[in-house]
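Please view the sequence and the structure together before reading on.

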Amino acid sequence: MNERLAKVAAHGQSIWIDVLSRDFVASGDLAGQIAEDSVTGLTSNPSIFQKAIASGDAYDEQLKATALEDPTDIFFELALDDIRAACDVFRPVWEATSGGDGYVSMEVDPRLAHDTDGTLAQAVWISDQVDRPNLLVKIPATKAGLPAIEDATAQGISINITLIFSLERYAAVVEAYLRGLERLVADGGDPSKVASVASFFVSRVDTETDNRLAALGNTELQGKLGIANARLAYKHFAEAFSGSRWESLAAAGGTKQRPLWASTSAKNPAYRDVIYVEELIGPDTVNTMPPETVEAFADHGEVRGDTILDDWREAEQLLADLAEAGVDYDDVVETLEVEGVQKFSDSFDDLLAGIKAKRGELAAA
């Protein structure tokens with residue numbers, strides 16, 4: 001087992017991997033990462049499935065055999081099989097941690113990001129189809145997604161809330177989870193069977209902010225907001241999951257909705273390639289990394305302690321400094337949400353086009 005990654009886990013942070021393909025599971029590579037790199041969960045998204053299905057021939061036989069015609073239906077048939085297989089690989093982790101870890105995430109159709117009813121219906125459907133206790137259904141943290149998150153939680157479905165960029169929206173996500181748990185308990189449900197993570201995106205925040213700072217001729221504040229934003233989110237997490245309201249839910253069996261640091265590969269080559277891992281280590285958190293970042297941290301990552309707890313006042317001051325410099329935080333995070341939803345929708349459209357094209361090639365052959 002890699003010593004550096006094991007140290008991260010020892011600080012209470014779960015290491016999840018941000019990749020999924022049929023070959024990755026079938027070859028035993030995923031099981032190897034669990035054993036060697038302290039990996040205890042997996043996330044997927046439309047871009048990941050697009051790359052998996054487009055490359056190689058792992059899906060060809062199923063594509064030829066399926067009786068389905070609609071590319072969306074075909075995608076879900078393929079993806080659900082991959083998700084079930086990954087859940088089964090992580091099942092021993094889930095059992096060993098009594099449901100505390102070992103989760104696999106699958107996202108609802110990103111074209112439903114602004115459709116509350118459609119999102120909820122598909123979240124219920126995915127949960128039923130996968131039928132594994134260690135599944136997390138991913139729902140985007142759009143305004144339309146918030147009531148779907150609450151309703152799904154109230155129905156006992158475990159949710160990974162994705163595409164969170166702003167502190168205000170993160171607070172709304174936490175509130176949706178707490179209300180959902182309270183409704184579940186009021187209806188006689190068992191909250192101990194519900195897990196949740198809130199995926200707070202990091203490096204994209206720096207990319208957008210750095211571009212704006214460059215246009216203003218300010219380099220001093222570059223590369224700082226992503227980490228400060230995440231630290232302030234953790235501050236809210238620590239406050240929300242304490243006190244009488246949370247203690248009541250915890251007594252009924254409720255589990256904390258852990259912050260998950262997403263988009264943690266460094267996009268700027270000028271930054272240390274593991275900066276978004278090293279600076280956000282701490283208890284009750286998850287860091288989901290692409291394989292390259294896992295490999296990089298295993299090679300040269302440093303664990304200096306619970307860095308997520310570093311000076312929150314400094315993080316708050318950074319927001320004030322950015323505003324003074326002319327960077328509108330609210331506009332930054334709103335832009336990122338709009339772009340994030342669009343990128344996932346575009347990837348999904350590309351994925352469906354790829355499925356259609358590949359079926360045509362296989363039929364011709």
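The points below describe selected salt bridges, grouped by topic.

The model is predicted. It holds 28 salt bridges, among them one between aspartate 82 and arginine 22 and two that involve arginine 245.

**The pair of aspartate 82 and arginine 22**
- The side chains of aspartate 82 and arginine 22 form a salt bridge, with an N to O distance of 2.8 Å.
- This pair joins distant parts of the chain, 60 residues apart: aspartate 82 belongs to helix α6 (residues 71-96) and arginine 22 to helix α2 (residues 22-26).
- Aspartate 82 and arginine 22 are both buried.

**The salt bridges of arginine 245**
- Arginine 245 meets glutamate 175 in a salt bridge at 2.9 Å, N to O.
- Because arginine 245 lies in helix α12 (residues 243-251) and glutamate 175 in helix α9 (residues 167-186), the pair ties together parts that are 70 residues apart in sequence.
- The side chain of arginine 245 also meets that of glutamate 182 in a salt bridge, at 2.7 Å from N to O.
- This second pair likewise links helix α9, which holds glutamate 182, with helix α12, which holds arginine 245; the two residues are 63 apart.

**Accessibility around arginine 245**
- Arginine 245 is partly exposed, its relative accessible area being 32%.
- Glutamate 175 is partly exposed at 27%, and glutamate 182 is partly exposed at 30%.

**The network**
- Salt bridges link Glu150, Asp151, Glu175, Arg179, Glu182, Arg183 and Arg245 in a network.

Note on methods: Residues are numbered from 1 along each chain as its sequence is written. This is a predicted model: local features need pLDDT of at least 70, side-chain atom pairs count only at pLDDT 80 or more; totals for chains, interfaces and linings use all residues. Side-chain values use heavy atoms; hydrogens and water are left out. A salt bridge is a side-chain nitrogen of Lys or Arg within 4 Å of a carboxyl oxygen of Asp or Glu. Helices (H or I, at least four residues) and strands (E, at least two) are DSSP runs, numbered from the N terminus. Buried means under 20% relative accessible area, exposed over 50%, partly exposed in between (1.4 Å probe, protein chains only).
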